[in-house]
Amino acid sequence: MRIVLRFFGVLFSAGFVAFLVGAAALAVGYLHFSSDLPDHAQLAQYEPAVMSRVHAADGTLVAEYANERRLYLPIGTIPRQLINAFLSAEDKNFYTHLGIDPEGIARAVVTNLSTGTTQGASTITQQVAKNFLLSSEQTYERKIREALIALRMEAAFTKDQILELYLNEIFLGTIVPGRNLHGVAAAALDYFDKSVHELTLAESAYLAALPKAPNNYHPFRQRDAAIGRRNWVIDRMLDNGFVTQAEADAAKAEPLEVTTRRISPNLLGAGYFVEEARRQIASRYGDEALYEGGLSIRTTLDPQMQAMARKALIDGLVRYDEERGGWRGPVETLDLAAAADWGVALAGVRPLADVQPWELAVVLEIGDGRATVGLRPEVDIAGAVDPARTTGTLNAEGARWTGQSVDGALDVGDVVYVERQGAGDYRLRQVPQVSGAIVAMDPHTGRVKAMVGGFSYDQSEFNRATQALRQPGSSFKPFVYAAALDNGYTPSSIVLDEPITIQAAGAEVWSPTNYDGRPAGPRTLRYGIERSKNLMTVRLAQDVGMPLVVEYARRFGVVDDMLPVLSMSLGAGETTVLRMVTGYSMFVNGGKRIRPTLIDRIQDRQGETIFRHDTRDCVGCEAQGWQGQDEPQLVDDREQVLDPLTAYQITSMLEGVVERGTATSLRRVGKPLAGKTGTTNEAKDVWFVGFSPDLAVGVYIGFDQPRPLGRGVTGGGYAAPIFGDFMEMALADEPATPFRVPPGIKLIPVNAGSGLRAGAGEGNVILEAFKPGTAPPDNYAIVGYGPDGGDGTLVPPDALQAIGGGTGGLY
């Protein structure tokens, strides 16, 4: 008996020691494997990367930015049918296990031993846990760490929270190259162009079939395998009681139809606008916040106005190119004799994605003064070419602009752009070499409603509206005249428009000339700006002083550090279209400083506003209800850049440019408009910048490598028509609202030519704007006219007192 007891004692001791050793080993192993694992606090703060979305002002989605395409949905917003599909496919015991599933492990072991295949047993919790690990290598150590993290997650999160993370972060393949889909919301949109609430049972089952190996179940490349895996998921849902037999049979009978979603700024012709907004956001918050932070960005983009701006600019660039550029040949040439199918061969030529309604076509036959062309067939996301073929006719009229006959301009096999003109008839097109930009802005807020930075964003991402520094030419002159009007001049002040020679110390002699080469003599300021007189502008700048002109250029944000030399008064400094439009906006808005913006508001992933362009205080907006108080008031604390009376005088003078000056072609719009043409030396750049009472617009045309646009090219001839085309569309439904006259301005009838106060019944009369204490002259004296007669120069008597003597004088 004693021997037996001793034996059991030894056995117990050995077992106890073994237990202690095993426990110690487990403890050491636990400490080893868990030493660098995230703690509960880190787990609770985990947020997967979410894509940022960019919306137009009307809410239209125009762009998405993401390293991982993911839209985060709370678990309560995910349909139960979709949840059941994933539970059936991945982890039917999810709501009962503690993070690892012994039943699943045993089932996997049996399957692996009996079939020789490899079946995993990772729970949904373990799959989420993988995202906390730095490595995805298939080792026992990693699996142990994964299991430990899963156990910690079960302690840190509820089951619904874990499932929410899983359904939002799981990788679900790539249907469009470069767009890696994470989470059910993004996958539903890219595979089926639906929200998760619109998915059918078959579509939900297909998404649930993807986590194991998305590439193995690609809907195009592995279609049979994809349908088989989808049907397997449906059968599991039936086994688990989530669907009825009839529902399962109907779902399995459905074809697998994929409808990819197309989200691209090019669809709205907004590539330049959205890219500029992206650069600004990345500069402010960094790429990580933009591509992973789930920002919701509401831009100022007006999609309808953007389409109008794009059409106006493209039509203008093509108009110039067809008049002066000449035909430069086809995009490329195909060997149709070696091609079994011209449609397949043409499908291999990639067209610009944003030049619709232009289409690529190949010349099939030429004869009788016309050509038969074949249109490029559609190519789906999988690269399959649509078997349908469309042909049309390009006749002599469609190629007349080339200056050649159809058979002289084209050969069989030439790939060209064409545009449909009617039933089966097409017009020859070519991508212009000249480029340009147009910007449309709300002058009261600085909100950019439309921006087109070139002919095609797909061809060139260089944004000529914001990145191209160009000389604005005469479109800069209003800032010189504003400086003068702010410092003693009136619109009726007389300045001599005669040759002048400037000799600065150590510099060459400079003798500017007018565009037409003819001096105009003594003229009013209004005449000088309406007819864009260079000689008068230089004298005016000399009188007010270039340091003051430099300050006004800086104050309006047109040129930051302009050299104080007289040539700058004629627009020799460099600026951008966006800056010029912003500066002109301050004329029409009463001289208030505005900050140009493409972004109204940015919200983070929690919906908190982190940026708002409009920073004005709203007094009374916090009231919970109306209790007899005054209505809320916005406090306008913007800086007054220019005297509002001066701002109106400039606006009125720029309106004269349209009524009587260098942009009379714009009278066709039939609405009150104001603006200024600009043409640089050798016509390397041409401009028109102007506005209606509530819309400011700037247009620029020039080559990316500046060179002359050609003899006779002016801002009035090429840029102003683009402005007019846009304004005709943009203001079509707007009333003919006159420009607002600020309190204090006196509108006095004057002779438009002389600036003298108009008499009763006199012709050629306009209402001129004068500030308090100023008025037009009543008569002229004749300078140089004496008893002996002789030629004289007409000037107001009060100007005689200031000849050569300062502001307001005659030079």
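This is a predicted model: local features need pLDDT of at least 70, side-chain atom pairs count only at pLDDT 80 or more; totals for chains, interfaces and linings use all residues.
Residues are numbered from 1 along each chain as its sequence is written. Local features need pLDDT of at least 70, side-chain atom pairs count only at pLDDT 80 or more, totals for chains, interfaces and linings use all residues, and side-chain values use heavy atoms, with hydrogens and water left out.

Q: What makes R605 and E47 a salt bridge?
A: The term asks for a side-chain nitrogen of Lys or Arg within 4 Å of a carboxyl oxygen of Asp or Glu. For R605 and E47 the N to O distance is 3.7 Å, so the pair meets that cut-off. It's one of 41 salt bridges found in a search of the whole structure.

Q: Where do R605 and E47 sit in the chain?
A: They link distant parts of it, 558 residues apart. R605 is in the loop between strand 14 (599-603) and strand 15 (609-612), while E47 is in the loop between helix 2 (40-44) and strand 1 (52-55). Helices (H or I, at least four residues) and strands (E, at least two) are DSSP runs, numbered from the N terminus.

Q: Why are R605 and E47 called partly exposed?
A: Buried means under 20% relative accessible area, exposed over 50%, and partly exposed in between (1.4 Å probe, protein chains only). R605 comes out at 28% and E47 at 44%, so both get the in-between label.

Q: How do you know that R279 and E276 pair up, and what separates them in helix 12?
A: Their side chains meet in a salt bridge at 2.5 Å, N to O. They are three residues apart in helix 12 (residues 271-285), so about one helical turn separates them. Side chains of opposite charge can pair when their charged atoms come close. R279 and E276 also belong to a network of salt bridges with E275 and R278.

Q: Is E276 buried or exposed?
A: Buried, because its relative accessibility is 11%. R279, with a relative accessible area of 24%, is partly exposed.

Q: How do you know that the length of helix 12 agrees with its residue count?
A: The expected span is 1.5 Å times one less than the number of residues. With 15 residues, helix 12 should span 21 Å, and its end C-alpha atoms are 21 Å apart, so the two agree. After helix 12 comes G286, with a positive phi near 95°.

Q: What do the buried residues of helix 12 pack against?
A: Among the buried ones are Y272, F273, V274 and I281. The buried residues pack against several elements, including helix 13 (287-292), helix 14 (303-325) and strand 11 (448-452). Contact here means heavy atoms within 4.5 Å.

Q: What makes E419 and R429 a salt bridge, and where does each lie?
A: Their closest N and O atoms are 2.8 Å apart. E419 lies in strand 8 (residues 414-422) and R429 in strand 9 (residues 425-429), so the pair ties together parts that are 10 residues apart in sequence. E419 is buried at 16% relative accessibility, and R429 is buried at 14%.

Q: Which residue of strand 8 is the bridge partner of E359?
A: V418 is the partner of E359. Strand 5 (residues 359-367) pairs with strand 8 in the antiparallel sense over four bridges.

Q: What makes C618 and C621 a disulfide?
A: A disulfide is a pair of cysteine sulfur atoms within 2.5 Å. The sulfur atoms of C618 and C621 are 1.6 Å apart, so they pass the test. The structure holds one disulfide. C618 is partly exposed at 27%, as is C621 at 40%.

Q: Why is D321 called buried?
A: Its relative accessibility is 2%, so D321 counts as buried. D321 lies in helix 14, and among the residues it touches are G326, R328 and P432.

Definitions and conventions
Two strands pair if DSSP finds at least two bridges between them. Lists of a residue's contacts leave out its neighbours within four places in sequence.
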